[in-house]
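Reader: I'm new to this one. Can you walk me through it?

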Amino acid sequence: MADNILEMRSITKTFPGVKALQDVTLEVERGEIRAICGENGAGKSTLMKVLSGVYPHGTYDGDIVFEGEVLELHSIRDSEAKGIVIIHQELALSPHLSIAENIFLNNEIKGRFGLIDWQRANSEAQKLLDRVGLREKATTKIMDIGVGKQQLVEIAKALSKEVKLLILDEPTAALNDADSDHLLELILQLKQQGITSIIISHKLNEIEKIADSVTVIRDGKTIETMAKAEITEDRIIKDMVGRDLEHRYPDHTPSIGEEVLRVEDWTAHHPQDPTRVMVDNVNITVRRGEIVGIAGLMGAGRTEFAMSLFGRSYGSRISGRAFINGKEVKLHSVAEAIENGLAYATEDRKVYGLNLIDDIKRNISMASLRKLEKRGLVNDGEEFTVANEYRKSMNIKAPTVLSKTGKLSGGNQQKVVLSKWLYSDPEVLILDEPTRGIDVGAKYEIYTIINRLAAQGKGILVISSELPELLGICDRIYALSEGRITGELPIAEATPEALIKYMTMEAPAEGRS
Amino acid sequence: MTNTELRPGGGPTGSEEIGPPQNKVTSAISHVLADLGKNGIFVALVLVVALFAVLTISARGDSILLRPQNISNLIVQNGYILILAIGMVLVIVAGHIDLSVGSVAAFIGAISGVFAVKMDLPWWIAIILSLAIGALVGAWQGFWIAYVGIPAFIVTLAGMLIFRGLALVVLGNSNIGSFPAEYRAIGNGFLEFLPIDLGPRSSIDLVTLGIGLIAIVALVVQQIRTRVGRQKYGQDVEPFGWFIAKLVLIAAAIAFFAYALSAAKGIPVTLIILAVLVLIYSTVANRSVFGRHIYAIGGNRHAAELSGIKTRSVDFWLFVNMGVLAALAGLVFTARLNLAGPKAGDGFELEAISAAFIGGAAVQGGVGTVSGAIIGGLIIGVLNNGMSIMGIGIEWQQAVKGLVLLLAVAFDVFNKRRSGGR
């Protein structure tokens, strides 16, 4: 029998209203590199959070057996004490502290009188840096080194805790090719030293390169685990997306009219680092009555594109031309964008979309107060009537429009956001992750609303991480990868496999497109 | 989501429970309680007044706090803090703070002394120029906050030092005094038209009473119109009995207040200024697009920006406005003392900020009302006044005021947590 370092047995984790993990079983052999694949929201991160004690023992069902012992973890500290270390996608380093300080944060090397022995800490840190192949001084501040090197510091930090099982959550998502290669090499080296790794990744090429086996998770369930010899891209993709697409989406008969939005050569750079291209020469069109999707992995530049278009809400050095109804428009501010008939519902309603401490009525009117202005004052009664109409037509479930939006469910909050934008009477609606964090029933309602808007002749641009969603509601889909449009497929030709191929297409080096 | 069955074409079937139907009495009671909760600050003012009314009962058997002369003083002594509180609450709603208002008030007071006394300009020109300079001061601070992006705390902390310093520079190590009578009136003047003698050392002004009556009628008409308006648009209204009871209570309070003023020296000019400001600013805050934008920004700045609200411009004009109101407060204070001195305005910012917070403004922004800030300011004023009458020393007054501020905000936090608003 195989020597398993880790067995997760029938793990089930429920959040209010959602079963995030259902009877998940994961067996990892000592010394192997295991890849875990799955779409966004499939449950990968939840599973790793259970394993690392972020969700403590008792908040889930099932057992974690690590080195033959059943674990009852209550915090990350517990899991680290056992030798399980997780490195999150968003690095957890403190930018103003040095590398050594970060490595030994909350694990300080103490000398006499319980004071920190900086001499020893720095020299220990230096040894760890050598081990991960990072040529930087241990006293360098984190903010002075790049993301790739920061990732190595995270690994050095893990090594300082005598790690036995290293979990990396999309470790190369933010890295360039050279840094990625280096990191993958390092993981292989650690394997030689007897460290087991679990690597969550979207990038199929790197999985093929380093993984000894792959487990695919979908909808909170393990689909299958493949040994190295069995791994093929097709099989992974099929496992990742292979679900029944029937009846999740309302019927939609497109009646497509004139072109309403055209964007040409749209380019935007990172707001803090203007040399980094985030959106690269994007060209798209949307016609009246058409629902157009943008598919892309996290970090592909989907939201960055939408927000830079919407009144330069994101980015620096933005260039390109935008046409609405064939007329070129200037979109230098959000107010201008709204005036020209654009609307953008953000991917994060709570942070960017709603005033949660205010009521439904005032949230709906927020973007169009001028419409309610009479002799310099906002007409309260009219505002109430308008909000009430939207409450009924959008089926917002709240006792009155005076209910605070912070108390509504995700689906109802999203309906308020949509109402706000409908009231601004746009020509084109950009919907960024319109159903994120919404339960299945409410999703169906949102899709119905989207269809209705298209039928009214609006142009709709949907950004989504969920391929089935795009395939279920769109008429045409663009694939975006590393800031570029890498493919455009009419719905008849769009398949998950085809889209994933375009979405994972690397930035064309010169000559390849 | 234990039920994974999909309902194509149907949408969710489970309709929201809105709660069991209540009978009239329980719904009326719950309405009154909710109303008291919402108007907790008003109830607090009534309690504070009642407490000190009892604590300051004199040997003659009447309450010193409620003597006409004292009520008149209360307004005049707190007018400038209340003016500041109006601007401050808007700044706080937008998620900022202004620590400089005391220094700005001192600076403008000094400048007005130069205009009105040293240069001997007509009083009204001096006032207009002073307010304009207040606007410039606000524009200066607003520029750094809105367009450079420096936190208001820092900018106005710097402003606190800068304008205190400039006040000293303008005064040149001395005081400026002997302002023209018209100028003095804004801090010290009273309007009395038809005093009727009611025996020795006692008279009553009919015009003041008349204005009180007009205020009551205006209030009643306005309240009824609002209620009818809400009903017309199908909004909920409070039970009729409670509505009437509230109106009667408020009308009685105004009547008593008008009587007190008419029996003292008449209507203080400061009160007229204040009344006009409260009317204007309440309307701006509640019903103008600009005011709505302030609340939207304070509630969620990102969402406001992404809704096309020009957040920078709103921030900028808020501070310009604060500058003008700080200038006005400086003028009223200088006029009252008939003296522009280097210590003027000391600590005003803290009283104005306290007033806003006691009046229900939220530290995170997005919440707060002009009327709340005024009532908060009055609570501080009554505390000051009542404790002074009782002969409590300044040291204890400070401590008590600090405690009241803490308790008021704690109460607010507690209330929100209980209602699940987090």
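Reader: Which residues in α7(B) meet which ones in α10(B)?
Author: Ala185(B), Ile186(B) and Gly187(B) in α7(B) meet Val269(B), Thr270(B) and Ile273(B) in α10(B). Contact means that C-beta atoms, placed from the backbone, lie within 7 Å. Helices here are DSSP runs (H or I, at least four residues), and strands are too (E, at least two), numbered from the N terminus.

Reader: How do the residues of that contact divide by class?
Author: Four are nonpolar, two polar and no charged. Ala, Val, Leu, Ile, Met, Phe, Trp, Tyr, Cys and Pro count as nonpolar, Asp, Glu, Lys and Arg as charged, and the others, Gly among them, as polar.

Reader: At what angle do the axes of the two helices cross?
Author: The axes of α7 (residues 181-188) and α10 (residues 269-287) of chain B cross at roughly 70° and come within 6 Å. So α7(B) is roughly perpendicular to α10(B). That label covers 65 to 115 degrees; under 35 is roughly parallel, over 145 roughly antiparallel, and the rest oblique. Axes are lines fitted to C-alpha atoms, for helices over the stretch in contact, with angles from 0 to 180 degrees between N-to-C directions.

Reader: Where does the model come from, and how is it numbered?
Author: The model is predicted: local features need pLDDT of at least 70, side-chain atom pairs count only at pLDDT 80 or more, and totals for chains, interfaces and linings use all residues. Residues are numbered from 1 along each chain as its sequence is written, while chains are lettered from A and ligands numbered from 1 in the order in which they are written.

Reader: How many helices and strands does chain B have?
Author: Chain B has 16 helices and six strands. Of its 422 residues, 40% count as buried. Buried takes 20 or more other C-beta atoms within 10 Å of a residue's own, exposed 12 or fewer, and partly exposed is in between; the C-beta atoms are placed from the backbone.

Reader: What domains does chain B have?
Author: Domain 1 is 65-190 + 269-418, and domain 2 is 193-264. Such bounds come from an automatic or database domain assignment. The C-alpha centres of the two domains of chain B lie 27 Å apart. Their contact takes four residues from domain 1 and five from domain 2.

Reader: And which domains are in chain A?
Author: The assignment gives domain 1 (4-241), domain 2 (246-341 + 426-513) and domain 3 (351-425). In chain A, 11 residues of domain 2 are in contact with 10 residues of domain 3. Helix α15 (residues 440-455) of chain A gives the most to the domain 2 side, with four residues.

Technical notes:
Contact = placed C-beta atoms within 7 Å.
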